[in-house]
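Here is a protein model to explore, one neighbourhood at a time. Have the 3D view ready and turn it as you read.

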Amino acid sequence: MSDQTTLEREIAVEQRHLDRVYARLAELRRSAADAEREGYRLARVGNFGALVERDAMVFHAAQRRHVLDAEHEGLVFGRLDLRTGQVLHVGRLGVRGENAETLVVDWRAPAAAAFYQATPAEPQGVVRRRTIQSSAEKVTRIEDDLLDPESAPPEMAVVGDGALLATLSRATGHGMRDIVATIQREQDEAIRSPGNGVTIVSGGPGTGKTAVALHRAAYLLYSDRARYAGGGILVVGPSSVFVQYIASVLPSLGEETATLHSLGSLFPGVSATRTDPPEVAAVKGSLRMRRVLERAVRDAVPDSPTELRLLYRGELLRLERAELDAIRDRTLSRGARRNEVRRAAFDAVLAALWAQARTLRIGRLPEQPAFEDEIIERPEFREFLKAWWPRLHPRHVLGWLARPERLRRYAGGILSGAEIRLLTGAWRSLDGEGLTIADVALLDELDALLGQPVRRAKPKRDPFQLAGGVRELSTAADRQRAARAAARERPEDYRDYAHVVVDESQDVSPMQWRMIGRRGRLASWTVVGDPAQTAWTGDPQELARARDQALGRRRRYRYELTTNYRNSAEIFAVAAAEIHRVHPDLALPTAVRSTGVAPVERTVPVTDLPAATAAAARALLAEVEGTVGVITPVPRRDEVAGWLGDLGARLQVVTSLQAKGMEYDGVVLVAPSEIRADPGSGVRTLYVALSRATQRLTTLDPVG
């Protein structure tokens, strides 16, 4: 029998199973829809018990129908033929037949672990592992690994050249939809690391660090849903571009409960995308900035009153600047937070006025409480208090640092003169251009230093209260359910996550570690990164201290990924040569596949660069089926985007920093020499940019 006939026969076998799975899926979907309709029908019974039953039926049926709809595409992607003769199909969610027989094993279940972990050296009872590729409901390709040849029956067919490399050679599309089928053993061990403590995953470009981090989040939700769905999982990435890229991954793995944030969006109400030059980011990210901010929050508000003058019963009561400053200093002693001690400051001002009134021996002076009540009622006194000690938002105080004279006063003796000049230049455009990503961590620090204003607690709204004071009839079950829903509501600035995932951790500054750490005080952690790709140019010891403080004393589990699955060997050779400029002895991952296509390296006249870039982008769009990334030096992003116009949704223009963690089928890298020229992290940043492509790489360097 020919290989082609064998392949067709084996595809037909898998197609029959897939047909059975999708037929069963259709039955389950119809059952869920019927249950949903039946739930609504129960409402006609007219008693309260029926209403409670209706709500439960409708909720669970709708939830099940949503899951079945979400996992329709690529539902089954693997098969295990075990030494016992049992056959298991692995997929995105578990499916059972009418008689409770297993049709598909959920990829997160223990029974599916061998699909990722088994090797020829340790087959774990697996004779043949098969990867199944499909489009809609049709099997398009299968690839086999024979792990235990001695146990294989004579009739067992083995087809294909290896599932992983075949999958990686395909176009990636716009997201990371198919990564669940390509997890390898070293990655799977990290994914299934113990849920407590800190799991640290390191590896070079293309080793699947992001895939591990996101699969780990899905695995934890599956293994202990009460803990991780209840407390929540926070995933932090380096940029908004990266977060958009991974946004579809967790839903494709069967999970939608994780919260995704970039470093520029962790502070409520802020979404910063601008980046600072590395030397500026290093200053803003240093722990010394906390001392600068501590001085700022203790200072007088700009343009606030410098004295208080009140005419009381013919006598002038007056508090001058020195006394007002002394009251502020006393009130803010011992770590008091400014927004939380406003009332104490106001009481101190009233006490000082009372003492002065007694010294002046004002006739028929009332007792102190009556005196204070009388003063408080005066509009001019209230206006003074609002101007002298207003409620402060972190954005207000950060704006103070944009005033050169204030910045010099706050930073003197903490930052060098050169560093102060760097910040002065960076914040000169704060009002016009907005915040940078590094500024967001400073806002979060200021928020912690200022505290939250003391506000009168608002009465909680009764969900059964209707307009006009009319209350809806409800049962105890209704109210219990409403209470549980209210308990699950999280504030905008939620900080009690059960698990925190930090991707591209090598670029997280000390101040950013403090920001993330405030949201993970009760959490276990997954931290992934590659030190060789770091853009951080500050103090490495300071960085280590901040990271260790954020992670706490939790137990560490360390994993290293050593195989580059993303890049072709030809592309990674170029990236490796670049990083070896500064780290000649650095151990790099091994690229395991070859396309036979060498990267294209061109130099073009400066005047021809726009046309050459557009031509290269169009050429790659024609050569690859998936995405094409045009990577630029940070200052050139908008300029290059203007050269390209609208070449379609498959093309994305990103800076060399935004490219962190991204993956494209083809890459046009513009002006690599300009990226390399940065004295801080230029070579490392270029190393990252050169390792984003899976199939084609073109570099264009201007000359002249």
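## R518 and its partners

Leaving aside its neighbours within four places in sequence, R518 is in contact with D444, E445, A448 and R495, where contact means heavy atoms within 4.5 Å. Take D444: R518 is 74 residues away from D444 along the chain, yet their C-alpha atoms are separated by 9.3 Å. R518 lies in helix 22; helices (H or I, at least four residues) and strands (E, at least two) are DSSP runs, numbered from the N terminus.

Is R518 buried or exposed? R518 counts as buried because its relative accessibility is 12%, and buried means under 20% relative accessible area, exposed over 50%, partly exposed in between (1.4 Å probe, protein chains only).

## What kind of model this is

This is a predicted model: local features need pLDDT of at least 70, side-chain atom pairs count only at pLDDT 80 or more, and totals for chains, interfaces and linings use all residues. Residues are numbered from 1 along each chain as its sequence is written, and side-chain values use heavy atoms, with hydrogens and water left out.

Now for the overall view. The protein has 28 helices and 21 strands, and 51% of its 704 residues count as buried. Among the contacts with a separation of 6 or more, 74% are between residues 24 or more positions apart.

## The largest nonpolar core

A nonpolar core is a set of buried Ala, Val, Leu, Ile, Met, Phe, Trp, Tyr and Cys residues joined through side-chain atoms within 4.5 Å. The largest one here has 59 residues, and the members that touch the most others are M289, L401, L415, W427, W513, I516 and W525. Helix 20 (residues 437-450) gives this core its largest share, eight residues. Domain 2 (187-269 + 492-563) and domain 3 (278-298 + 394-450) each supply at least three residues; the domain bounds come from an automatic or database domain assignment.

Which residues does L401 touch, leaving aside its neighbours within four places in sequence? They are M289, V292, L293, A296, L407, Y410 and W427. Apart from this core lies another, of 43 residues, with A190, I191, L221 and Y245 among them.

## Helix 11, one side covered

In helix 11 (residues 288-297), the residues M289, V292, L293, A296 and V297 are buried. They sit on the same side of helix 11, because they cover an arc of only 130 degrees around the axis; the arc is that of the directions from the helix axis to the C-beta atoms. The cover over these buried residues includes helix 10 (278-284), helix 16 (394-401), helix 17 (404-411), helix 18 (417-427), helix 20 and helix 22 (510-519).

S509 counts as buried, at 6% relative accessibility. Not counting residues up to four places away in sequence, S509 touches G285, W536 and L543.

## Aromatic rings

Rings of Phe, Tyr and Trp (its six-membered ring) pair if their centres lie within 6.5 Å; planes under 30 degrees apart count as stacked, over 60 as edge-to-face and the rest as tilted. By this rule the count comes to nine aromatic pairs. Why does the pair of F384 and W388 count as stacked? Their ring centres are 5.7 Å apart and their planes are at 15 degrees, so the pair is stacked. Both lie in helix 15 (residues 379-388), four residues apart, about one turn of the helix. F384 is buried at 6% relative accessibility, and W388 is buried too, at 4%.

Elsewhere, ring pairs link F77, W107, F115 and Y116 into a cluster. Rings can also have a charge over them: that's when NZ of Lys or CZ of Arg is within 6 Å of the ring centre and within 35 degrees of the ring normal. R338 lies over the face of W389, 5.0 Å from the ring centre, and the charged end of R406 sits over the ring of W400, 5.3 Å from its centre.

## Helix 28 and strand 21

Eight of the nine residues of helix 28 (residues 682-690) are buried, so this helix is mostly covered. Those buried residues pack against helix 24 (569-579), strand 18 (628-632), strand 20 (664-670), helix 27 (672-676) and strand 21.

Strand 21 (residues 693-703) holds T699, which is buried with a relative accessible area of 9%. Not counting residues up to four places away in sequence, T699 touches V600, E601, R602, L669, P672 and L690. L690 is also one of the buried residues of helix 28.
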